[in-house]
Structure formats: C-alpha cells, structure tokens
Protein chains: 2
Amino acid sequence: MNVEGRRMRTIWPVGDGGTVEIIDQTRLPHELAIVGLVTLDDAATAIWTMQVRGAPLIGVTAAYGVALGMAEDPSDHGLDRTIAILAATRPTAVNLRWALAEMERRLRDLPPSGRFKAALAFAGEIAEADVASSRAIGEHGAPLIVAAWQREAGDRPVEVLTHCNAGWLAAVDWGTALAPIYRAHDEGIPIHVWVDETRPRNQGAGLTAWELGQHGVAHTVIVDNAGGHLMRQGLVDLCIVGSDRTTAAGDVANKIGTYLKALAARDNDVPFYVALPSSTIDWEIEDGAAIPIERRDPREVTHIEGWTDSGERIAVRITPQHSPAENYAFDVTPARLVTALITERGICPASRDGLLKLFPERRLTGR
Amino acid sequence: MNVEGRRMRTIWPVGDGGTVEIIDQTRLPHELAIVGLVTLDDAATAIWTMQVRGAPLIGVTAAYGVALGMAEDPSDHGLDRTIAILAATRPTAVNLRWALAEMERRLRDLPPSGRFKAALAFAGEIAEADVASSRAIGEHGAPLIVAAWQREAGDRPVEVLTHCNAGWLAAVDWGTALAPIYRAHDEGIPIHVWVDETRPRNQGAGLTAWELGQHGVAHTVIVDNAGGHLMRQGLVDLCIVGSDRTTAAGDVANKIGTYLKALAARDNDVPFYVALPSSTIDWEIEDGAAIPIERRDPREVTHIEGWTDSGERIAVRITPQHSPAENYAFDVTPARLVTALITERGICPASRDGLLKLFPERRLTGR
C-alpha cells in the first residue's frame with residue numbers, strides 16, 4: 001500500500017536474489033528502515049526478532065529464507081538444516097509450517113545445483129499468491145463494511161475496531177483484516193478505525209496506526225482496555241481481526257487479547273469478523289486448545305520500547321525490579337464468537353461445514 | 001501495609017496539620033517519595049495529577065484538602081471555593097463528592113474561626129473510617145479466597161486476578177480489592193495474584209505489583225490482553241477488582257478494561273467479585289450508563305512513562321507523530337456480570353435488593 005505517496009511491499013528480492021530486502025518493522029513507526037537479508041540466519045533472525053511478523057509475511061519470509069539457505073548449502077543436508085532452523089523461529093503461525101512444507105516438497109526432488117534458483121522462483125510465487133489472496137480478502141470483505149455503513153452509520157463514518165496488526169505490514173501487500181478497510185476506503189466509503197495499541201509489542205500503536213496514516217485512513221489509537229467501553233457506547237459498528245492459525249472448526253488463534261474483544265462484540269451485538277488467507281487454516285486441528293501458544297520474553301511486559309523526544313529509541317521499565325512477568329503471545333477465540341470468516345474464496349461461517357463449502361477439496365482428501 | 005518491613009499509610013497529617021503528607025504515587029514503583037501538601041492547590045493538584053488516586057484515597061485527600069483550604073480562608077466564600085476547586089479535580093469517583101458533601105455539612109454551621117481545626121479532625125475521622133472499612137472488606141472477603149483455595153487449588157496457590165490498583169495505595173490502608181488478599185495471605189493461605197498492568201497509566205504494573213511485593217505476596221504482571229487466555233487455561237480461580245462508583249442497582253464503574261475481564265470471567269465460570277466501601281455507592285443512580293466517564297489527556301496513550309536503566313524517569317512515544325488517540329479512564333461493568341459485591345458490612349448480590357439488605361437505612365430514606 002502507500003508509503004509517503006508511493007506503493008510499497010513488505011518484502012522483495014533484489015538483483016540476482018542473493019539479497020532479500022524487508023522493511024524492519026521493529027523500527028516503525030518512527031523510522032522506515034530497509035534491511036537486506038543475505039544469509040539463512042538473517043532470515044531466521046528477522047522472523048524471531050519480529051523485524052517481520054504477521055502470519056502471512058512470516059510464511060513468505062520463511063520461503064525466501066529457504067532460498068537463502070539453498071544459496072549457502074543446496075545439499076539434502078542443507079535443505080534439512082534450513083527447514084529446521086526456520087521452523088524453530090515461531091510456533092503459533094501455521095503459515096510458517098505451510099510455507100516450509102511447500103518449499104521442501106518442491107525442492108526435495110530437484111538436483112542441488114538447481115535448488116537456489118528454483119527456491120527463489122517458488123518463494124516469489126508464494127509472495128504473489130499472498131498478494132492475490134489479500135486482494136481477494138479485501139474484495140470479499142469490503143461489502144461487509146459498506147453494509148454496516150449503510151445500516152448503522154448514516155451521516156458519520158463507519159466505525160471499525162481492529163486488534164494488533166493484520167495490515168499489509170503483516171502480509172506482502174493489502175493485508176488481511178485491513179484489506180477490506182483499504183478496499184472500502186479506496187472506494188470512497190467514509191471509514192474510521194479504532195486501533196488497539198496491542199500490548200506487549202504495540203503492533204497496533206506502532207504498525208497499524210502507521211500504515212493507516214500513510215494510506216490516508218482516519219484512525220484513533222486506544223489502549224487495549226478501551227474496546228469494550230466503546231462497544232457499550234455504540235461507537236463500534238464492526239470488528240475485523242486477523243488470524244495466526246485457524247482450526248478446521250473455525251477456532252481462531254490470534255494476538256493475545258483478541259478473545260476479550262470477541263466477547264465484548266458478542267455482548268453488544270457487534271459483528272466480529274476474522275480475515276485470513278487459507279494458508280492460515282490448520283486442517284489437522286479441530287479444537288483451538290490444541291494450538292501451541294508462544295510464550296515470549298517477559299521483558300516485553302516489564303519494559304516498553306518507544307522513542308524519546310530527540311528520536312532515540314529506548315526501552316523503559318514499568319514494573320518493580322523484582323516483580324516477575326508472564327508473556328503469552330496469542331489467545332484462542334472460539335468459533336462461537338466469530339460472526340464469519342473472510343477468506344480469499346469468500347465469506348463463510350466459522351465452522352467445519354462453512355470452511356468445507358469454500359474449500360471442498362479438503363473434504364475429498366479427508367483433511 | 002508493609003513497606004520495607006515497616007507499616008505505612010498513604011496519607012497522614014504532620015505537626016499541627018498545616019501539612020498533610022502523602023506518598024507520591026506517580027514516582028512508584030521506582031522511588032518511594034513522600035510529598036507534603038501545604039495549600040488547597042497542592043491537594044487539588046495531587047488529585048488531578050494522580051499523585052494520589054483510587055476512589056477511597058481521593059475522598060480522604062479531598063477531606064484533608066478542605067482542611068488546607070480552611071487554613072487559607074475559613075470564610076463562607078472560602079468554603080464554597082474550596083469545595084468547588086476540589087470537586088472539579090476528577091469526575092468519576094463518587095467518594096470525592098461524598099467526602100466533600102460530608103465536610104461541607106459538618107463545617108457550614110461552624111464559625112469560620114473554628115473551621116480549620118474541625119476540618120482537620122473530620123478529615124482524620126474519614127481517614128480512620130476508611131481504614132476500618134477496608135479492614136472489614138478484608139475480613140468479609142478473605143473467606144471467598146479461602147473457599148476458592150479449598151475448592152479449586154489443592155496443592156497449588158489459589159490464583160486471583162486483579163485489574164488496576166485497588167490496594168492500600170488506593171485507600172488509606174488495606175485497600176479494597178486487595179484487602180481480602182492481604183487478609184488471606186496474613187492468615188497463611190498460599191496465594192498468587194495475576195496483576196493486569198492496566199494501561200494507560202499502568203497502576204497495576206507500577207502500584208499493585210509494588211505493594212504486593214513489599215508485603216510479600218506472590219504475583220506476576222501480565223498485559224491487560226492476557227487475562228482472558230489465563231481464564232480459558234484454568235489459571236484463574238477468582239477475580240477481585242475495586243470500584244470507582246457503584247450504582248444503587250449494582251453496576252460498577254471501574255478502571256477501563258474491567259468490563260472485558262468480567263466478560264471473560266463469566267465466559268469461563270470464574271467468580272468475579274467487586275470490593276468497595278459503601279462511600280463508593282451512588283444511591284442516586286440505578287443505571288451505570290448515567291455515570292460520567294472521565295476522558296483524560298491522549299498523551300497518556302501515545303506516550304508511556306517508565307524508568308531507564310540509569311534510573312531516569314522519562315516518557316517515550318509509541319505511536320506515529322500524527323495518529324490521534326482517545327483516552328477513556330473507566331468503563332461500566334453491568335451488575336449481571338458481577339458475582340457479588342464485598343462491602344464493609346458483608347457480601348451481597350450486585351443488585352438493588354442485595355445492597356438494601358446490607359444498607360437498610362437507604363430504604364427508609366427512599367434513597
């Protein structure tokens with residue numbers, strides 16, 4: 001989407017593909033820094049340190065990471081090692097596993113000498129497929145926003161609440177939860193987005209606010225505690241969030257706190273939509289309780305990173321020196337609280353039947 | 001309660017009462033600073049800037065503020081001005097209005113020459129009544145924790161979740177939500193508290209964690225987003241929060257985000273208790289929607305204050321320069337989500353009938 005007026009993506013290969021460039025998302029919103037990934041370790045570190053994050057982008061970065069790994073060692077052993085290192089970076093997003101399995105499947109039977117070039121091409125295909133998928137999610141989801149605007153808003157903008165960042169920064173372009181918002185905005189629908197700051201890493205305050213602002217979409221940052229009050233006051237017409245992993249029965253693992261917003265939406269009859277590419281669906285799991293929930297460094301809770309008036313990025317401690325902290329990165333929103341899923345193939349109920357109607361090939365394989 | 005091993009309160013007059021000392025809570029958890037309030041403006045500023053906060057302590061500070069105002073100008077005009085200035089500091093906590101009305105009622109018919117000394121004595125009575133009230137809340141509430149421990153915990157500590165700070169720092173001593181926790185802890189019940197950090201001002205991370213740590217109560221700080229996940233995982237046996245204003249029908253205005261935790265508690269069959277002194281009850285309001293909700297400076301959302309490694313306290317910006325923010329300080333949890341109210345007279349259902357059984361004198365007055 002637009003950054004300072006020009007179109008941008010989150011990841012792209014340069015030259016002969018020996019370098020893959022990314023936006024370093026840990027330096028947003030205060031600095032737009034482009035970083036080159038040259039080695040397999042660069043790619044793994046970028047995922048683990050969240051220079052790139054968001055389920056779709058994690059998958060695409062892992063695919064390019066496989067290409068970088070093949071440039072280093074295209075042997076079978078190199079392929080095994082590459083897959084293992086990248087698979088260990090983050091546990092919750094299923095796109096990572098999906099992209100790695102796809103890359104391995106395509107590369108395994110090729111001669112080592114051809115693997116780097118092929119991997120680069122396959123990663124590019126996965127990236128393009130992600131853009132197409134995000135664009136389609138926007139096309140399918142925008143009418144929900146238009147309908148809410150016609151039904152609820154009248155003379156005022158339609159009010160959408162989102163949690164974390166499931167915008168183009170979480171994908172390659174367009175995003176998932178924000179794709180319908182960009183689409184509706186580009187079509188001229190007056191729209192205002194309540195942006196949950198999304199502690200502990202503040203992807204809402206830092207990334208969603210930044211990308212909405214750059215694209216010209218009206219928005220207001222709120223603390224994660226505020227959404228329930230807004231809904232009780234009638235200030236939210238619909239919620240749209242992304243997903244890090246969706247089970248075959250429609251349970252949704254997404255950024256910690258999503259479940260609380262889904263409860264508030266249900267309590268106030270506010271539609272709660274989850275937008276996701278099908279690469280985020282884990283067809284092997286029915287119950288969200290089976291999804292592994294990443295626990296991250298407690299320092300993300302005890303300290304907050306921000307920028308001083310002089311533009312210096314520093315971390316400040318907000319807790320007493322000896323108070324421990326716990327840092328769960330995701331929670332699971334049960335399908336019963338999800339109004340509908342927005343996928344690249346259309347909208348469906350958050351249920352096994354709903355998903356299988358959109359993805360009938362999964363019925364045939366029994367998966 | 002205990003600070004570095006010695007017993008402490010949040011507010012106390014010194015010498016002839018011309019100075020009232022407080023703990024400056026904006027400097028916790030990293031510095032225990034005692035500040036002297038000498039003028040009416042000192043007292044109003046302490047409330048507005050949240051050097052003191054928490055509904056009961058706001059009321060007691062306002063009472064002492066009236067005494068400081070009477071030292072400056074004990075005339076009728078001075079009394080009017082004092083009440084007006086203090087009343088304008090914070091809108092949501094009803095204790096402020098209650099304490100000011102009480103002070104005015106007692107002072108109005110006294111000759112100006114006697115007002116300062118009388119005001120000081122009355123403020124002291126209000127402070128002592130608050131301590132007695134908090135202690136009684138602890139005595140009534142502790143058996144709920146003991147029961148949950150016997151029912152749910154077995155070999156592990158009983159797990160309590162709280163939001164914001166309703167500990168002794170929010171009152172004069174003991175606190176409201178934390179009073180039953182201190183009581184149970186002092187009785188030897190193994191207890192662990194999940195402390196919501198409570199954005200935007202982080203009273204949980206800064207104050208609740210500090211006071212629990214000082215008193216030796218095991219606790220873990222979590223982001224506000226995490227409580228729902230913990231409850232789904234069975235890691236919370238009960239929730240206890242405070243109240244800034246409780247309606248005659250049992251609706252509870254408390255720190256923003258309380259409502260979301262109440263929804264999660266209901267969804268997971270976790271008891272959700274609200275602890276409050278009766279000074280927090282607004283007998284004139286039935287419906288929580290009638291409670292005025294304070295909106296504070298958006299800078300509390302866009303910036304976070306913390307401490308650098310070298311002990312310097314600074315604010316860092318976490319949002320893009322041009323993204324607006326909105327800052328609602330409280331939300332309303334409807335009575336239907338509250339398992340019971342814990343008051344200084346005992347425990348009751350969050351309903352008009354429940355409250356009137358504990359406070360029958362309110363039935364007689366029709367209020």
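Predicted model: local features only at pLDDT ≥ 70, side-chain atom pairs only at ≥ 80, totals over all residues.
Local features need pLDDT of at least 70 and side-chain atom pairs count only at pLDDT 80 or more, while totals for chains, interfaces and linings use all residues. Residues are numbered from 1 along each chain as its sequence is written, chains are lettered from A and ligands numbered from 1 in the order in which they are written, and side-chain values use heavy atoms, with hydrogens and water left out.

Visitor: How far apart are the C-alpha centres of domain 1 of chain A and domain 2 of chain A?

Guide: The bounds, from an automatic or database domain assignment, are 2-128 for domain 1 and 140-365 for domain 2 of chain A. The C-alpha centres of these two domains are separated by 24 Å.

Visitor: How many residues does each domain of chain A give to the contact between them?

Guide: Contact here means heavy atoms within 4.5 Å. Domain 2 of chain A contributes 33 residues, and domain 1 of chain A contributes 34.

Visitor: Which residues of domain 1 of chain A lose the most area to domain 2 of chain A?

Guide: Buried area is the accessible area (1.4 Å probe) that two parts lose on being put together, summed over both. For the two domains of chain A it is about 3100 Å², with 55% on carbon and sulfur atoms. Three residues that together make up 20% of what the domain 1 side buries lose the most: Asn2(A), Arg53(A) and Thr92(A).

Visitor: What is the distance between the closest N and O atoms in the salt bridge of Arg97(A) with Asp282(A)?

Guide: A salt bridge needs a side-chain nitrogen of Lys or Arg within 4 Å of a carboxyl oxygen of Asp or Glu. Between domain 1 and domain 2 of chain A the count is three salt bridges. For Arg97(A) and Asp282(A), the closest N and O atoms are 3.5 Å apart.

Visitor: Which residue of S5(A) is the bridge partner of Val20(A)?

Guide: Strands are DSSP runs (E, at least two residues), numbered from the N terminus, and two strands pair if DSSP finds at least two bridges between them. Strand S4 (residues 19-23) of chain A runs antiparallel to strand S3 (residues 11-14), with four bridges, and Val20(A) is there the partner of Pro13(A). S4(A) is also joined by four bridges to the antiparallel strand S5 (residues 34-37) of chain A. In S5(A), Val20(A) is bridged to Leu37(A).

Visitor: Which residue in the turn between S3(A) and S4(A) has a positive phi?

Guide: S3(A) and S4(A) form a hairpin, with four residues between the strands. The residue in the turn with a positive phi, of about 60 degrees, is Gly15(A).

Visitor: Which residue of chain B meets Arg336(A) in a salt bridge?

Guide: Across the interface of chain B and chain A there are four salt bridges. In one with an N to O distance of 3.0 Å, the side chain of Arg336(A) meets that of Asp267(B).
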